Amino acid sequence: IRNGADEIDMVINIGWVKDQRWDEVLAEIKAIKASCQGRILKVIVETCLLTEAEKIKLCELVTESGADYIKTSTGFSTLFKAHIGPGVKIKAAGGISSLQDAEDFMALGADRLGTSRIVKLVKGEHAEGY
């Protein structure tokens, strides 16, 4: 923040999630949100490591925390859209390899896409990487 960041990404503590330490997960997100001093906070949820019940619980906690975005680790799931509150947006990241993918993710409800490849794809350039 001192160096000019206007958006902050955090990753949930997967160990706490697996141990169902929900109060601590929520407290950590709230503490980081408070330290953001009004800037956007995106909470990265490692979806590939979680059960459906854990994903739903994290949607609820991110909503309760006041964070601005919930961000998938890979791909996008309509599961999130169904379980977050109206003030939380979704940033889908990973697995977006074409303009059609980008359009599909947006049609499913993503508010942002996390892919540097889209710029190259729009320019007609070759895009590699994940």
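Helices here are DSSP runs of H or I with at least four residues, strands are E runs of at least two, and both are numbered from the N terminus.

I noted that this is a predicted model, where local features need pLDDT of at least 70, side-chain atom pairs count only at pLDDT 80 or more, and totals for chains, interfaces and linings use all residues. Residues are numbered from 1 along each chain as its sequence is written, and side-chain values use heavy atoms, with hydrogens and water left out.

Next I looked at what follows α3, and found Gly66, with a positive phi near 90°.

Then I turned to how α3 meets α2. The axes of α2 (residues 22-35) and α3 (residues 52-65) come within 9 Å and cross at roughly 40°; axes are lines fitted to C-alpha atoms, for helices over the stretch in contact, with angles from 0 to 180 degrees between N-to-C directions. Contact (heavy atoms within 4.5 Å) is made by Trp22, Val25, Leu26, Ile29, Lys30 and Lys33 of α2 with Glu54, Lys57, Leu58, Leu61, Val62, Glu64 and Ser65 of α3.

Last, I checked two loop residues. Gln20 is not a glycine, yet its phi is positive, about 55°; I found Gln20 in the loop between α1 (14-18) and α2. Gln37, also not a glycine, has a positive phi of about 50° and lies in the loop between α2 and β2 (40-45). Gln37 is exposed (over 50%), at a relative accessible area of 57%.

Conventions:
Buried < 20%, exposed > 50% of the residue type's maximum accessible area, 1.4 Å probe, protein only.
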